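Try each task before you read its solution.

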Amino acid sequence: MPDMQTINADLHCHSTVSDGTMSPRAVAERAYAGGVRLWSLTDHDEVGGQAEARAAAEALGMRYVSGVEISVTWAGQTVHIVGLQIDPFCPDLIDGLADTRSGRARRARDIGEALAKIGIENAYQGALKYVGNPDLISRTHFARWLVDQGHCATIGDVFSQYLSEGRPGYVGHRWAKLSEAIAWIKAAGGIAVMAHPGRYNYTDTQHDALFDEFTALGGRAVEVVTGSHTPDQYRRYAEVARHYGLLASRGSDFHGPGEGRVELGALPPLPSTVTPVWHDW
Ligand code: AMP
Ligand code: MN
Ligand code: MN
Ligand code: MN
């Protein structure tokens with residue numbers, strides 16, 4: 001058993017059960033090949049991949065913890081809360097996630113209509129061809145279709161041109177409340193982790209209020225080293241973890257080969273000043 005301080009942990013990534021491009025089993029194999037020895041699959045708003053992920057990890061001799069990434073609306077913006085060590089059979093969690101997913105189909109049709117208004121026809125039907133789980137259509141599926149249709153060179157370009165807030169294909173959506181997401185994770189016996197906080201566009205006052213509320217509601221950890229952070233943000237969020245007494249997490253946010261900046265297991269280790277969320281697992 002490797003030392004728990006130095007183990008290569010990747011506790012944030014996606015499969016075809018949400019907006020990744022590989023099956024849970026294929027992600028497990030890629031994680032293991034990338035050196036990961038403690039892994040969690042954290043699909044958006046969905047635990048349908050957990051059984052396959054765990055079985056594949058255990059067959060490889062890789063430690064597995066169940067995970068999920070829940071979409072939340074806080075102060076008008078979307079925040080993601082990762083739940084680790086959850087019981088994927090917990091009814092409160094399953095019902096809460098089903099409610100969170102339920103608005104996605106309507107929103108996807110609205111995104112299709114918004115894109116049609118700027119001359120991009122049939123985007124909804126196009127995006128559907130990329131969907132692995134009919135309950136979970138995401139902006140990422142539109143982005144892949146738009147790239148393959150030649151509208152943009154990269155998925156990042158699609159978001160900045162069409163799908164991010166303020167762009168013509170953006171459709172606002174009300175996700176779960178922060179209090180609900182944390183309550184479902186706690187009901188499932190899990191640990192609530194603030195995902196990639198460096199990505200949110202809050203004022204300093206809002207940022208502090210978000211962390212105050214998150215910790216008051218029982219949030220326990222923050223992603224410090226993630227594919228969404230710069231090295232400056234690793235340092236900043238190590239300091240935030242210490243300030244709020246939060247444990248620190250590490251995860252690539254891998255969605256598929258060639259997408260995003262980071263491979264599974266390839267990020268730097270956590271700074272030595274923080275306590276890993278997995279320290280007592
Ligand atoms: P949704 O949950 O449908 O709103 O889609 C959110 C997903 O879109 C995130 O989980 C990312 O996978 C992807 N995403 C959001 N912003 C960007 C971006 N700027 N570049 C690439 N992918 C993005
Ligand atoms: Mn995603
Ligand atoms: Mn996220
Ligand atoms: Mn993610």
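**Exercise 1.** Find where ligand 1 sits in this predicted model.

*Solution.* Start with the pockets: ligand 1 sits in the largest one. Next, look at the domains. Domain 1 (9-97 + 175-251) and domain 2 (104-163) both give residues to the shell around ligand 1, so the ligand lies between them.

**Exercise 2.** Work out which helices each supply at least two residues of the shell around ligand 1.

*Solution.* First, list the residues around the ligand: Asp19, His44, His80, Arg104, Arg107, Ser138, Arg139, Thr140, Ile155, Gly156, Phe159 and His255. The largest share, three residues, comes from H7.

**Exercise 3.** Sort the shell around ligand 1 by class.

*Solution.* Go through the shell residue by residue, and you'll get two nonpolar, six polar and four charged ones.

**Exercise 4.** Track down polar side-chain atoms that lie within 3.5 Å of an oxygen atom of ligand 1.

*Solution.* Begin with Asp19, where a polar side-chain atom lies 3.0 Å from a ligand oxygen. Move on to His44: a side-chain N or O atom is 2.8 Å from an oxygen of ligand 1. Then check Arg104, whose side chain has an N or O atom 3.0 Å from a ligand oxygen. Finally, look at the cover: ligand 1 taken alone exposes 500 Å², and the protein buries 78% of that.

Conventions. Residues are numbered from 1 along each chain as its sequence is written. Chains are lettered from A and ligands numbered from 1 in the order in which they are written. This is a predicted model: local features need pLDDT of at least 70, side-chain atom pairs count only at pLDDT 80 or more; totals for chains, interfaces and linings use all residues. Side-chain values use heavy atoms; hydrogens and water are left out. A residue is near a molecule or strand if one of its heavy atoms lies within 4 Å of it. A polar contact is a pair of N or O atoms within 3.5 Å; within protein, one must be able to donate a hydrogen and the other to accept it, and residues adjacent in sequence count only if both atoms are side-chain atoms. Accessible areas come from the Shrake-Rupley method with a 1.4 Å probe; for residues, only the protein chains shown count as cover. On a 1 Å grid over the protein atoms alone, a cavity is a set of points where a 1.4 Å probe fits but cannot get out, and a pocket is an open set with protein on both sides within 12 Å along at least five of seven lines; lining residues have an atom within 4 Å of a point. A molecule sits in a cavity or pocket if more than half of its atoms lie within 2 Å of its grid points. Helices (H or I, at least four residues) and strands (E, at least two) are DSSP runs, numbered from the N terminus. Ala, Val, Leu, Ile, Met, Phe, Trp, Tyr, Cys and Pro count as nonpolar, Asp, Glu, Lys and Arg as charged, and the others, Gly among them, as polar. Domain bounds come from an automatic or database domain assignment.
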